[in-house]
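Subject: Structure for your review

Dear colleague,

Please find below the structure that I am handing over to you. My notes on it follow, and I would ask you to read them with the structure open.

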Amino acid sequence: MTKTLTGTRSDKALILDFGGVVTRTLFETHDVTERALGLAPGTLTWRGPFDPATDPLWTAMQRREITERDYWTTRTREVGKLLGEDWSDMKTFVQRARGAEPELVLRPEAREAILTAHRAGIRLAILSNELDLFYGVAFRERFPLIEHFETIVDATYTHILKPDPRAYELVLSQLNLPREACVFVDDQLKNTEGARAVGLPHVHFDVTRPAESYARALRMLGLEQTGA
């Protein structure tokens, strides 16, 4: 899917990944997940990058003993079993855990950065590998601030996954801006490496330091974020 909206157009753009950058990670929203699934508070204890010492599966992924997909497939199955269900697809997990309360999974730092950019006339775009696939169309349509994004390029529909160079070229063509006028933000290192390969300015988003990551991206666009 590519979505383009008309409106005020400037000569710079902030291009954001969705999951983990605009939304809080699943590690940060255990309370939301437990409430949505009817689990007792404190049932989910894995914290990934927020407490690696207590998440051996995460540290195994960091050592490249398993892939990121392996990690989330395991977590998906574990949570499904807690409900007496057989979950094999992460989109089941994401949609069941987050679909009812999109406001609660919007990252506060993302809200501030998006509004800062919007007020300054910086154009906004999303470049995602799985927005509608994992979250669903209804979630996206109800997601706070989604109306500020003039362009959404989603591999759910394009079938071009980052870090394929064509993904970055597609969002740049939708924006019709030179790459040096844009900043791309993603929490996956391989995706920022893909941006580097095509000469697209970028920030590797640190989910444990979101304010710092957004502040850096905005500075690259000539902006200072209030309170960052």
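Against which helices do the buried residues of α1 pack? In this predicted model, they pack against α3 (68-82), α4 (90-98) and α5 (102-105). Helix α1 itself covers residues 30-37, and its buried residues are His30, Val32, Thr33, Glu34 and Leu37. After α1 comes Gly38, which has a positive phi, near 75°.

Helix α6 (residues 108-119) packs with helix α12 (residues 210-220) at an angle of about 15°, and their axes are 9 Å apart. Angles under 35 degrees count as roughly parallel, and α6 and α12 are therefore roughly parallel to each other. Their crossing is right-handed. On the α6 side, Glu109, Ala110, Ala113, Thr116 and Ala117 take part, and they meet Pro210, Ala211, Tyr214 and Leu218 of α12. Sorted by class, this contact has seven nonpolar residues, one polar and one charged.

Finally, please look at Asp186, which lies in strand β5 (residues 182-186). Is Asp186 buried or exposed? Its relative accessible area is 0%, and because buried means under 20%, Asp186 is buried. The side chain of Asp186 makes a polar contact of 3.3 Å with the side chain of Asn191. Beyond its neighbours within four places in sequence, Asp186 is in contact with Asn191 and with Asp17, Val21, Lys162, Thr192, Val203, His204 and Phe205.

Yours sincerely

Terms used: Residues are numbered from 1 along each chain as its sequence is written. This is a predicted model: local features need pLDDT of at least 70, side-chain atom pairs count only at pLDDT 80 or more; totals for chains, interfaces and linings use all residues. Side-chain values use heavy atoms; hydrogens and water are left out. Helices (H or I, at least four residues) and strands (E, at least two) are DSSP runs, numbered from the N terminus. Buried means under 20% relative accessible area, exposed over 50%, partly exposed in between (1.4 Å probe, protein chains only). A polar contact is a pair of N or O atoms within 3.5 Å; within protein, one must be able to donate a hydrogen and the other to accept it, and residues adjacent in sequence count only if both atoms are side-chain atoms. Contact means heavy atoms within 4.5 Å. Axes are lines fitted to C-alpha atoms, for helices over the stretch in contact, and angles run from 0 to 180 degrees between N-to-C directions. Angles under 35 degrees count as roughly parallel, over 145 as roughly antiparallel, 65 to 115 as roughly perpendicular and the rest as oblique. A crossing is left-handed if the near helix is turned anticlockwise from the far one by less than a right angle, and right-handed if clockwise. Ala, Val, Leu, Ile, Met, Phe, Trp, Tyr, Cys and Pro count as nonpolar, Asp, Glu, Lys and Arg as charged, and the others, Gly among them, as polar.
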